[in-house]
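Student: Could we go through this structure together? I would like to begin with the local backbone.

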Amino acid sequence: MSGTVETGTSRRAFLGAGLAAGAAVATTGLARAQEADPLITEVQDWSSAFGDPVDATPYGMPIHYESHVVRRNVEWLTESPVSSINFTPIHALEGTITPQGCAFERHHSGAIELAKQDYRLMISGLVERPLVFTYEDLTRFPRTITTAFCECAANGGMEWGGAQLEGCQFTQGMIHNMEYTGVPLRLLLEEAGVKPEGKWVYAEGADASSNGRSMPLEKAMDDVLVAFFANGEALRKEHGYPVRLVVPGFEGNMWVKWLRRIGVYDRAVESREETSKYTDLMPDGRARKWTWVMDAKSVITSPSPQAPIRHGKGPLVITGLAWSGHGKVARVDVSLDGGVNWVEARLTGDVKSKALTRFHLDLDWDGSEMFLQSRAVDETGYVQPTKNQLREIRGLNNVYHNNGIQTWWVRADGEVENVEIA
């Protein structure tokens with residue numbers, strides 16, 4: 001059950017002291033004592049017979065022991081699953097790259113099947129030479145590779161009014177991070193020749209929803225990619241096969257799938273997806289629009305409601321993800337006491353701009369309850385806010401761009417709940 005909790009002063013002081021000492025963790029005693037273990041001393045089934053041949057699975061799949069690591073839908077969230085979303089199991093993943101098979105989906109009219117030979121991309125509007133590209137045409141342009149996170153603008157949106165769902169998969173799982181290969185949109189626009197009066201670009205998809213979004217020409221000429229590979233293989237159907245737009249740092253709705261048209265105009269198109277939706281409703285009834293950039297955010301993925309502590313007291317690894325649409329993550333702080341005391345976590349691996357960053361904090365857990373929080377700071381100096389700080393500005397009647405700090409209540413038995421601190 002999710003809810004609001006109050007923390008005691010003595011507990012906060014105790015956790016603060018424990019957190020300060022958490023950076024130096026003794027790992028002795030983790031190995032089992034040297035004694036007869038039948039899993040070592042006795043011949044097991046897997047050691048006494050042949051395993052699968054090399055052609056058993058022509059396309060490799062996860063072993064069945066990991067069958068729980070899958071995307072999941074929340075059935076009551078939308079009226080129909082063809083215009084809905086499922087969630088990345090971020091609680092069960094490590095590193096920063098999201099496998100395509102686990103990466104969240106968002107569809108407005110279902111995932112379509114579009115063959116490469118039937119694919120066309122048109123560039124029209126305020127250009128010198130309106131052009132149509134086939135898939136093969138695109139593959140002949142110079143390619144580039146970029147790693148970027150794609151986050152739905154509504155990620156965490158159900159938490160505006162308070163703690164709602166159990167699990168970081170459901171509260172923050174509308175995100176994935178992949179390595180994309182494709183052609184810079186800039187090269188295609190240069191091929192067409194943008195006229196001086198062209199100031200905006202409108203990207204449109206080939207699915208029945210005709211999902212489309214406007215963006216400033218400056219962004220289109222900067223780091224936007226017309227991508228046809230993700231994580232080294234062709235895009236999956238649900239991710240826009242054969243071609244999608246990659247718009248680093250911008251909200252996921254801008255990453256148009258099954259990309260079929262790029263229009264250059266002197267103003268924004270003001271389509272359905274940028275007027276009636278994907279705007280931020282303010283307390284006075286006005287709606288902010290053009291809030292494309294996803295601000296700095298983080299979440300602890302383990303321990304979390306779907307990843308409780310099972311091993312009991314002793315060495316504990318706290319881990320999570322941080323990201324910013326403005327550039328690189330500069331620092332991540334972790335609190336064990338609901339934001340009273342903070343300690344800097346370790347950023348693990350390569351820290352890339354506009355991509356997921358993995359953080360770890362190693363400590364010696366004494367079995368006391370904790371109120372875990374993480375707080376990201378990006379290279380611009382922006383600090384991830386609390387939910388209440390966001391609500392003071394934008395009220396409660398909202399759904400988009402909730403980058404507020406997430407709180408997990410870790411109980412003494414290791415179970416974890418989604419809560420807010422009063």
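Tutor: Just after α5, glycine 193 takes a positive phi of about 80°. Helices are DSSP runs of H or I with at least four residues, strands are runs of E with at least two, and both are numbered from the N terminus. The model is predicted, so local features need pLDDT of at least 70, side-chain atom pairs count only at pLDDT 80 or more, and totals for chains, interfaces and linings use all residues. Residues are numbered from 1 along each chain as its sequence is written, and side-chain values use heavy atoms, with hydrogens and water left out.

Student: Which residues of helix α5 are buried?

Tutor: In α5, residues 185-192, they are Leu185, Leu187, Leu188, Leu189 and Ala192. Buried means under 20% relative accessible area, exposed over 50%, and partly exposed in between (1.4 Å probe, protein chains only).

Student: New topic: where is histidine 239 found?

Tutor: Histidine 239 sits in the loop between β11 (233-234) and β12 (244-246).

Student: Is histidine 239 buried or exposed?

Tutor: Histidine 239 is buried, because its relative accessible area is 1%.

Student: What is histidine 239 in contact with, leaving aside neighbours within four places in sequence?

Tutor: Its contacts (heavy atoms within 4.5 Å) include Arg71, Phe104, His176 and Lys257. The side chain of histidine 239 also reaches the backbone oxygen of phenylalanine 104 at 3.5 Å.

Student: And leucine 39, where does that lie?

Tutor: Leucine 39 lies in helix α2, residues 38-41. Leucine 39 counts as exposed because its relative accessibility is 57%.

Notes: A polar contact is a pair of N or O atoms within 3.5 Å; within protein, one must be able to donate a hydrogen and the other to accept it, and residues adjacent in sequence count only if both atoms are side-chain atoms.
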